[in-house]
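Student: I would like to learn how to read a protein model. Can we go through it feature by feature?

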Amino acid sequence: MKKGGLFISFEGIDGAGKSTHIDGLTQAFRAQGRAVTLTREPGGTPLAEKIRAMVLNDPMDAMTEALLVFAARRDHLQQVIEPALMRGDVVLCDRFTDATFAYQGGGRGFDLETLLIMERWVQTKRGLEGDFIRNPDLTVWFDLAPEIAAQRLAGARIPDKFEAQPLEFFRRVSEGYRQRMNASPGRFARIDADQAREAVWLDVLKSVIARSWLV
Ligand code: TYD
C-alpha cells in the first residue's frame, strides 16, 4: 500500500451524487490507519470559503469567475493540500481544477488555453526531479446524464448560481469533463453514476483498490 501522501479529487455535474461516496472513502481510509484530510473547492481555507460564497452567489463574467476559483485554489494548495501531502495524508478533495475546465471552460465557454496558463501559474510545484503541475493522483468522475441529475436535484434545496443553470449548460460541463479525461486518461476513473448507490460505491472502491491504495 502507498504510504506517502495521496491526492484524490471527486468530480461530476451537480446532482451526480459525490458526497456519500466521499464520506465512504474517508471512513475506508481511516479504517486502514490512514490520516485523511477531507476538503473541497472552491473552499477549504477561511479565505477560499469567502471566495466560494462570491463565486456561488454573485453574478460575474467568466474570466472573473476563473480568476477567483484559481485564487481560492492557490490559498487552498498552500495552506492545506501541500502540507497534508507532506505529512503523508490522504487528501480527499470535493472538486479541483477539472471543475474549472468543465464549468468555466465548458459551461461558460471561457478560453481553455487561458485556463491552462492559469493552471500552470497556480499549481506549478518544485519537485526533486524538476517542476511539475500539482494535480490529483486520481480523479473519480461521477458521470451522469444531465437530465437525470436535474431530476435528482429537483426540490432538494434552493439552487445556487450553477445549479440553477439549464440542461444545455450541464451538457457542456459534462463535455468539459470528458475532454479533461481524454487529455489525462490515466488519472481518471469514470464511474457510471446512473446505478443504484451501492453499485456506484463498489465502483468507487474498485477504482482505489485497483491502484493498491486500499486493500
Ligand atoms: P458543489 O461542489 O456541488 O458543492 P455543494 O454540493 O455544496 O453544492 O458546488 C460547487 C459549485 O461550484 C458547483 O456547481 C461547481 C462550481 N465550481 C466551479 O464552477 N468552478 C470550480 O473551479 C469549482 C471547484 C467549482
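Student: Which residues in α3 meet which residues in α5?

Tutor: Ala66, Leu67, Phe70, Arg73, Arg74 and Leu77 in α3 meet Leu115, Met118, Glu119, Trp121, Val122 and Gln123 in α5. Contact means heavy atoms within 4.5 Å. By class, this contact has 8 nonpolar, 1 polar and 3 charged residues. Nonpolar means Ala, Val, Leu, Ile, Met, Phe, Trp, Tyr, Cys and Pro; charged means Asp, Glu, Lys and Arg; the others, including Gly, are polar.

Student: What should I know about the model and its labels?

Tutor: Residues are numbered from 1 along each chain as its sequence is written, and side-chain values use heavy atoms, with hydrogens and water left out. The model is predicted: local features need pLDDT of at least 70, side-chain atom pairs count only at pLDDT 80 or more, and totals for chains, interfaces and linings use all residues. Helices (H or I, at least four residues) and strands (E, at least two) are DSSP runs, numbered from the N terminus.

Student: At what angle do the axes of α3 and α5 cross?

Tutor: Axes are lines fitted to C-alpha atoms, for helices over the stretch in contact, and angles between N-to-C directions run from 0 to 180 degrees. Here α3 and α5 (residues 112-123) cross at roughly 20 degrees, and their axes come within 10 Å. So α3 is roughly parallel to α5. Under 35 degrees counts as roughly parallel, over 145 as roughly antiparallel, 65 to 115 as roughly perpendicular, and the rest as oblique. The crossing of α3 and α5 is right-handed. A crossing is right-handed if the near helix is turned clockwise from the far one by less than a right angle, and left-handed if anticlockwise.

Student: How do α2 and α3 pack?

Tutor: The angle is about 160 degrees, with the axes of α2 and α3 8 Å apart. Therefore α2 is roughly antiparallel to α3. The crossing of α2 and α3 is left-handed. Leu47, Ala48, Ile51 and Val55 in α2 meet Glu65, Leu68, Val69, Ala71, Ala72 and Asp75 in α3. By class, that contact has 8 nonpolar, no polar and 2 charged residues.

Student: Why are α6 and α7 called oblique?

Tutor: α6 and α7 (residues 167-183) pack at about 120 degrees, with their axes 9 Å apart. They are therefore oblique to each other. Pro146, Glu147 and Ala150 of α6 make the contact with Leu167, Phe170, Arg171 and Ser174 of α7.

Student: Now the backbone. Where is the cis peptide bond?

Tutor: Most peptide bonds are trans, and most residues other than glycine have a negative phi. In this model, a cis bond joins glutamate 41 and proline 42, with omega about -10 degrees. Proline 42 sits in the loop between β2 (36-40) and α2. Arginine 95 is not a glycine, yet its phi is positive, about 80 degrees. Arginine 95 lies in the loop between β3 (90-94) and α4.

Student: Which residues are closest to the centre of the largest pocket?

Tutor: The largest pocket holds about 850 Å³ of space. Of its 34 lining residues, Asp14, Gly15, Lys18, Arg95 and Arg157 are closest to the centre. A pocket is an open set of points on a 1 Å grid over the protein atoms alone, where a 1.4 Å probe fits, with protein on both sides within 12 Å along at least five of seven lines; lining residues have an atom within 4 Å of a point. Points join across faces, edges and corners, and the volume is the space filled by probe spheres set on them. α4 gives the largest share of the lining, 4 residues. By class, the lining has 13 nonpolar, 8 polar and 13 charged residues.
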